[in-house]
Amino acid sequence: MERTPTSSDELPGDVKLNDVKLDKVLLVAEANGKKYFVGQGNEGPHACIITVPIDGSGWYSGCTDATKGELVRTGGPDQESSILVADGYDTKELESSGWTKIHENVLVSDG
């Protein structure tokens, strides 16, 4: 969350997080036909992961107030799950159990 957001970091127009107010959103990875966004807020949830299929079908998200370790797990209608972890979190155990690291803070599993 260190860099300044650009136009490629904007969530698609149909993605609405309702009452969640994020101060910053960044596109952190593209993999498996999906874009993975990470959001950060100062009020309410402090971190969110938003998964948006490139074909526009069924986006999903998960948010948390946690600030350390494994922050949040979320899953979508396609049975894929994603995990958002804090900076510096050791993901070796997750990776050895089948999760794939696609970004320093994001891991995915195909269910």
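What follows is a short briefing, grouped by topic.

This is a predicted model, in which local features need pLDDT of at least 70, side-chain atom pairs count only at pLDDT 80 or more, and totals for chains, interfaces and linings use all residues. Residues are numbered from 1 along each chain as its sequence is written, and side-chain values use heavy atoms, with hydrogens and water left out. Strands here are DSSP runs of E with at least two residues, numbered from the N terminus.

**The four-strand sheet**

- Four strands make an open sheet in the order β1-β2-β3-β4, with antiparallel pairing; two strands count as paired if DSSP finds at least two bridges between them.
- At the edges sit β1 and β4, each of which pairs on one side only.
- From one strand to the next, the twist averages 15°; axes for such angles are lines fitted to C-alpha atoms, and the angles run from 0 to 180 degrees between N-to-C directions.
- Between β2 and β3, which run antiparallel, there are 7 bridges, and Gln 40 stands opposite Ala 47 in β3.
- Between β3 and β4, also an antiparallel pair, there are 5 bridges, with Ile 50 opposite Ser 61 in β4.

- Is β3 buried or exposed? Of its 7 residues, 7 are buried, so β3 is largely enclosed by the rest of the structure; buried means under 20% relative accessible area, exposed means over 50%, and partly exposed is in between (1.4 Å probe, protein chains only).
- Ala 47, Ile 49, Thr 51 and Pro 53 point one way from β3, while Cys 48, Ile 50 and Val 52 point the other way, and all are buried.

**The disulfide**

- How many disulfides does the structure hold? There is 1, a disulfide being a pair of cysteine sulfur atoms within 2.5 Å.
- Cys 48 and Cys 63 are the partners, and their sulfur atoms are 2.0 Å apart.
- Cys 48 lies in strand β3 and Cys 63 in strand β4 (residues 60–64), so the pair ties together parts that are 15 residues apart in sequence.
- The torsion about their S-S bond is about 110°, so this disulfide is right-handed.
- Cys 48 is buried at a relative accessible area of 0%, whereas Cys 63 is partly exposed at 29%.

**The turn between β3 and β4**

- β3 and β4 form a hairpin with 6 residues between them, and Gly 56 in the turn has a positive phi of about 85°.
- Ser 57 is in the loop between these two strands and is partly exposed, with a relative accessible area of 38%.
- Ser 57 and Pro 77 are 20 residues apart in sequence, and their C-alpha atoms are 9.3 Å apart in space.

- β5 and β6 pair in the antiparallel sense over 5 bridges, with Glu 70 opposite Val 85 in β6.
- These two strands form a hairpin with 5 residues between them, and Gln 79 in the turn has a positive phi of about 75°.
- In strand β6 (residues 81–85), 4 of the 5 residues are buried, so β6 is largely enclosed by the rest of the structure.
- β6 also pairs with β8, antiparallel, over 4 bridges; there, Ser 81 has Ser 109 in β8 as its bridge partner.
- Ser 109 is buried, with a relative accessible area of 16%.
- Leaving aside neighbours within four places in sequence, Ser 109 is in contact with Gln 79, Glu 80, Ser 81 and Trp 99, where contact means heavy atoms within 4.5 Å.

**The nonpolar cores**

- The largest nonpolar core has 12 residues, including Ala 29, Tyr 36, Ile 49, Leu 71 and Val 108. Such a core is a set of buried Ala, Val, Leu, Ile, Met, Phe, Trp, Tyr and Cys residues joined through side-chain atoms within 4.5 Å.
- Which elements give two or more residues to this core? They are β1 (24–31), β2 (34–40), β3 (47–53), β5 (70–75) and β8 (106–109).
- A second, separate core has 9 residues, among them Val 15, Leu 22, Leu 27 and Phe 37.
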